[in-house]
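Here is a short note to read beside the model.

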Amino acid sequence: MNMRTIAWILAAAWPAGSVWAQGSLTPPGDPAPTMKTLAQVEPRTPIDAAPYAISQSGSYYLTTNLVCTNGNGVTISADGVTLDLEGYAIFGPGDQPLSKGIWVAGAGGAPLHGVVVRNGTVGRFGTGLLAEQCQGGRFERLAILNNLGKGLVLEGNGGACNGNAIVRCAIGANGDVGVYFRASAGRCEGNRLADCVVQSNVSHGVELSAPFSGRCAGNLILDSAIDGNGGHGLWLDGVDGRCEGNGIARCVFLRNDGDGISTAVADGACNGNLFTGCRVNGNGGDGLKIDGFNGVCAGNVVADCGFGENRDAEI
């Protein structure tokens, strides 16, 4: 069978116009976008003034630097909030010690879950960032500087502040403790501070505290520089509660006015903490001090750490 015969058979098999007719090839109009915009994928709410209160889940972002002349900068009281500072700053009035730059306002009976704050600067408030009863939150790429009191606080007062991450932040030149994990009559457990610089704060660089029979346990401090603070570099303070099972790894504690690392308990326990791969140099007190006072301080482990040029004892 030759090619002419094949062509004739195909032409006879399909009636004319049943397959080959395509209609007009002229487009009905201008081409339209086929992909969703960012706002359609993740609707975002702009913030251009402070004070500002967030009471609904969703994504929020700053459009400019904000100056808050009275009260708190941004208050978050809902689950599932992402606040992106977009590289901008929130500044407070500089003379209100009870103000908070960013306040994650959970409560004992109503903790907040899944709050994310990132990418910007917070300064000149009483406390830079206070996360109360916050669980599974993330605070990243923040500069928390020049606040009157504490820099960044995870507060488990009467409840739980668990499973939060503080990552790639700079916390410095604050008027009290730089980073404060506080389990007052509650729990502050499973939190992580990683890849941060905590520097030149007036009091301790990092403090873990468990007053009023609280429990500050299973927290991690990793790969961070804690330098030039006015108190201890790191203070694990069991008070009358329990500060136990925390892990400190691959950190440097340099030139702090007090001890590089210090543990203390009044009537509680500071047990089973691990210090590994750290460098502790040039501090104004001991390199590492483990002191039970009237409580119990047992089972703590120091491994592969380097100590040198601390004013008092190395360990």
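1. In strand β11, Glu 132 is the bridge partner of Ala 105. Strands β8 (residues 100-105) and β11 (residues 127-132) run parallel and are joined by 5 bridges. Strands here are DSSP E runs of at least two residues, numbered from the N terminus, and two of them pair if DSSP finds at least two bridges between them.

2. A word on the source: this is a predicted model, in which local features need pLDDT of at least 70 and side-chain atom pairs count only at pLDDT 80 or more, while totals for chains, interfaces and linings use all residues. Residues are numbered from 1 along each chain as its sequence is written, and side-chain values use heavy atoms, with hydrogens and water left out.

3. Strand β8 also pairs with β5 (residues 74-76): the two run parallel, with 3 bridges between them. Ile 76 stands opposite Val 104 in β8.

4. Lys 100 has its charged end over the ring of Trp 103, 4.1 Å from the centre. Elsewhere, Arg 44 lies over the face of Tyr 61, at 4.3 Å from the ring centre. The rule asks for NZ of Lys or CZ of Arg within 6 Å of the ring centre and within 35 degrees of the ring normal.

5. Strand β14 (residues 152-155) is joined to β17 by 4 bridges, and Val 153 stands opposite Tyr 180. Another 4 bridges join β17 to β21 (residues 206-209), also parallel, where Ser 209 is the bridge partner of Arg 182.

6. The count of aromatic pairs comes to 1. Tyr 52 and Tyr 60 have ring centres 6.5 Å apart and planes at 65°, so the pair is edge-to-face. Rings of Phe, Tyr and Trp (its six-membered ring) pair with centres within 6.5 Å; planes under 30 degrees apart are stacked, over 60 edge-to-face and the rest tilted. Tyr 60 counts as buried because its relative accessibility is 8%, whereas Tyr 52, at 24%, counts as partly exposed.

Conventions: Buried < 20%, exposed > 50% of the residue type's maximum accessible area, 1.4 Å probe, protein only.
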